[in-house]
Amino acid sequence: MKRLSFLLLLLCIYCHTSAQEAVYIVESGDTLSKISTALDIPLVDLITANDLADPNRLEVGQRLTLPTLQAWADPLPAPFEAITLEPQMATQGEVQRLKVQLKSGTRLESITYLGKDVPLYEDTILLATPVLQDLGTYSLSLSVATQDETVSLNLPVIVIDAGYDRENITLSGETSQLLAPDIVRREHALLETTCTGGGARRWSGPFQLPLNEAAYSSSFGTLRSYNGGPYSGFHRGLDFRGAPGTPVYAAADGVVVLSDVLELYGNTVILSHGLGVCSAYMHLSERSVAHRDEVAAGDALGEVGATGLATGPHLHFEIRVEGVPVAPLQWLGEGVFP
């Protein structure tokens, strides 16, 4: 289904003093069945919540209440006092900030999202939604420990379509050998492991651009086909144009958790910024930092190159949260994660 950018949440996902309202804005070509399937909301619930006399008649611009989200309404069970989620909808390949306010004397014991435990680093929790996550409504589970018991709460989160593009890439025979399944699995597993954990937050303010003059050559999330084959993967980072030898800089304060030569990504440097967040700089011609080096935003890490699986010189730049590749533009410049 096309990007659901016309999904709006009015007010906040949860405010202690008022209930939220989730609204879907109908666009051309929509049917109630398509909306029900994409958001995993039963058709009968949509009809009932909106008092639709004729479910087959929708008008462009019509507002439909999304009944599933009423579970976020007031009141929350004690010891929960307030919960906020920003942005309010989960977009494929993007990150949300979760804040949970509890009564004194209690502690957040666990959070589960998309079937995985979410590390509890600080009051602000980061939730990463994978690029290939199916659309629909999922459960965000929270558990709080009190002196007498454990209180659990399940809240619905809607995943919406990011509308990523598609592209076909032509590779030479020698280069395409790097796409052997065992190489791909091994390298992606290494990146996921390297970019998991990280302890306390190290950065402050928005991430900086990794090049002085930044022009994008390939967007994050683009679904990819190689040599006319099926769309079997997606672009896990943001590519920047750059002449060979162009200096590459750290996007934020961090510590080097990997500085090595990889088969797919060539000369690679990965920084951990804390809270499970890392940034990666790939296809470099040279690396100027070593494992465990501490760096500040703007420090030189290496130079633009074309090592590994690359059709020409460029910088492949990634942001990952607990190993999940996420949209770098959420973090750079005026992004939402200062």
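In the predicted model, an open sheet is built from three strands in the order E12-E14-E15, and the pairing within this sheet is mixed. Its edges are formed by strand E12, which spans residues 166–169, and by strand E15, which spans residues 233–234, each of the two pairing on one side only. Strand E14, covering residues 223–226, is joined to E15 in the antiparallel sense over two bridges; in this arrangement Leu223 has Phe234 of E15 as its bridge partner.

Helix H1 comprises residues 32–39, and the buried residues in this helix include Leu32, Ile35, Ser36, Ala38 and Leu39. An α-helix has 3.6 residues a turn, so residues three or four places apart point the same way. Just after H1, the backbone at Asp40 adopts a positive phi of about 55 degrees.

A further site of interest is Thr268, which lies in strand E19, a strand that extends over residues 266–274. Because its relative accessible area is 0%, and burial requires a value under 20%, Thr268 is classed as buried. The side chain of Thr268 reaches the backbone oxygen of Gly266, a residue of the same strand E19, at 3.0 Å. When residues up to four places away in sequence are not counted, the contacts of Thr268 comprise Leu258, Ser259, Asp260 and Leu262, together with Tyr281, Met282 and Arg287.

Definitions and conventions:
Residues are numbered from 1 along each chain as its sequence is written. This is a predicted model: local features need pLDDT of at least 70, side-chain atom pairs count only at pLDDT 80 or more; totals for chains, interfaces and linings use all residues. Side-chain values use heavy atoms; hydrogens and water are left out. Two strands pair if DSSP finds at least two bridges between them. Helices (H or I, at least four residues) and strands (E, at least two) are DSSP runs, numbered from the N terminus. Buried means under 20% relative accessible area, exposed over 50%, partly exposed in between (1.4 Å probe, protein chains only). A polar contact is a pair of N or O atoms within 3.5 Å; within protein, one must be able to donate a hydrogen and the other to accept it, and residues adjacent in sequence count only if both atoms are side-chain atoms. Contact means heavy atoms within 4.5 Å.
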